[in-house]
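Hi,

Here is the model I promised to pass on.

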Amino acid sequence: MAKVLYEKDINNTVLEGKKIAIVGYGSQGHAHAQNLRDSGYEVVIGLRAGKSQAKAEEDGFTVYPVDEAVKQADVVMILLPDEAQAKVYEASIKPNLKEGSALAFAHGFNIHYSQVVPPANVDVFLVAPKGPGHLVRRTYEEGAGVPALYGVYQDVTGQAKDVALAYAQAIGAARAGVLETTFQEETETDLFGEQAVLCGGVTSLIKAGFETLTEAGYQPEVAYFECLHEMKLIVDLLYEGGLENMRYSISDTAQWGDFVSGPRVINEETKERMQEILKDVQTGAFAKGWILENQAGRPQFNAINRAENNHPIEQVGRELRDLMPFVKQPIQDKQKEVK
Ligand code: NAD
Ligand code: MG
Ligand code: MG
Ligand code: MG
Ligand code: MG
Ligand code: MG
């Protein structure tokens, strides 16, 4: 069993009195910055001018250009989009890192795939929350937290691990559990999980179900409720108590259908596809494709995104959600810049 650490296991004195620069103020950035501040740490924000800057200032932070923020910091947490990190790192972060400071990430992508090559005189660690940034903030405010992985890539001060753990505690993660990992494991499992299960898997499953029903002549509104809306209610039960808890709450008819039909949808063949996806992550083929896609100005990303937003499930969903204002959570990412 992996060792899961909680607040009682963590000594946060190593982080006391240190100045933390949060570079980027998006989904993770706003959450880390506010949680660290509420945990008593001094936080400055590094950003280019733009929408995020106004948001960070509105939230009471002092915002500096990235190079200025890095110069004064003992810990620099990079919370820029993964695809923007290498460029900003070269131009504004690398030349300004203080010797013996710590360079930190919330995802291992750029270190693991060598897009960012840190100097030898700084600590390098990751604290990767296993949840969306808006929940990192919301759960912290509720006295809870989102679990996180931590890992050390480079330890020059002898304190990298303790600083990482203290940081994890300060953003609330140690209330939920903090688990040691490596940059490789975090990167590969995170990319696999979001592609095959959490994001890619779930959206494809929902769309396939919706299309099957509507193509057979059923009303799109009914198909939407069945395949998308109810997903959250089922996932809440899974989150609270695993498969058994969800199956306890559904009818035995639904449970029997789950047993006999689930494996007809997701089967050995699906698992083989998942293994291919994992291979592409492990070999760097996925990373290479995504880096090139960005260098080309995202032609495929933008085209697919437009088509997806026009899918019939999105059209009917918008209309139905307008009639159910209570489903709209503050998590809706209104602050995000259009990239
Ligand atoms: P985001 O897109 O929500 O926010 C990025 C921020 O960076 C914004 O404030 C934006 O204004 C700023 N920015 C973008 N380009 C910039 C530039 N060139 N110079 C200066 N600022 C710039 O990003 P995110 O989703 O919070 O992801 C940040 C990191 O956290 C990534 O490494 C990601 O993998 C990781 N992560 C994200 C989540 C999540 O919930 N979104 C979960 C776990 C880990
Ligand atoms: Mg994002
Ligand atoms: Mg993830
Ligand atoms: Mg991810
Ligand atoms: Mg039902
Ligand atoms: Mg039952």
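To start with a pair of helices: are H10 and H15 roughly parallel or roughly perpendicular to each other? They are roughly perpendicular, since angles of 65 to 115 degrees count as that, under 35 as roughly parallel, over 145 as roughly antiparallel and the rest as oblique. The axes of H10 and H15 (residues 312-322) cross at roughly 90° and come within 10 Å. Axes here are lines fitted to C-alpha atoms, for helices over the stretch in contact, with angles running from 0 to 180 degrees between N-to-C directions. Helices (H or I, at least four residues) and strands (E, at least two) are DSSP runs, numbered from the N terminus.

Before you go further: this is a predicted model, where local features need pLDDT of at least 70 and side-chain atom pairs count only at pLDDT 80 or more, while totals for chains, interfaces and linings use all residues. Residues are numbered from 1 along each chain as its sequence is written, and chains are lettered from A and ligands numbered from 1 in the order in which they are written.

Now H9 (residues 200-215). After H9 comes Gly217, with a positive phi near 100°.

H9 packs on H10 (residues 220-249) at about 160°, the axes being 9 Å apart. That makes the two roughly antiparallel. On the H9 side, Ile206, Gly209, Phe210, Leu213 and Thr214 take part, and they meet H10 residues including Pro220, Tyr224 and Leu228. Contact means C-beta atoms, placed from the backbone, within 7 Å. This contact has 9 nonpolar, 2 polar and 1 charged residues, where Ala, Val, Leu, Ile, Met, Phe, Trp, Tyr, Cys and Pro count as nonpolar, Asp, Glu, Lys and Arg as charged, and the others, Gly among them, as polar.

Another pair is H8 (residues 183-198) and H12 (residues 268-283), packed at about 140° with axes 9 Å apart. H8 is therefore oblique to H12. From H8, Glu188, Leu191, Phe192, Gln195 and Ala196 touch Met274, Ile277, Leu278, Val281 and Gln282 of H12. By class, that is 7 nonpolar, 2 polar and 1 charged.

Last, the ligand. Ligand 1 is surrounded by 25 residues, with Gly24, Gly26, Gln28, Ser52 and His107 the closest; a residue counts as near if its C-beta atom, placed from the backbone, lies within 6 Å. The shell holds 12 nonpolar, 9 polar and 4 charged residues.

Cheers

Notes:
Contact = placed C-beta atoms within 7 Å.
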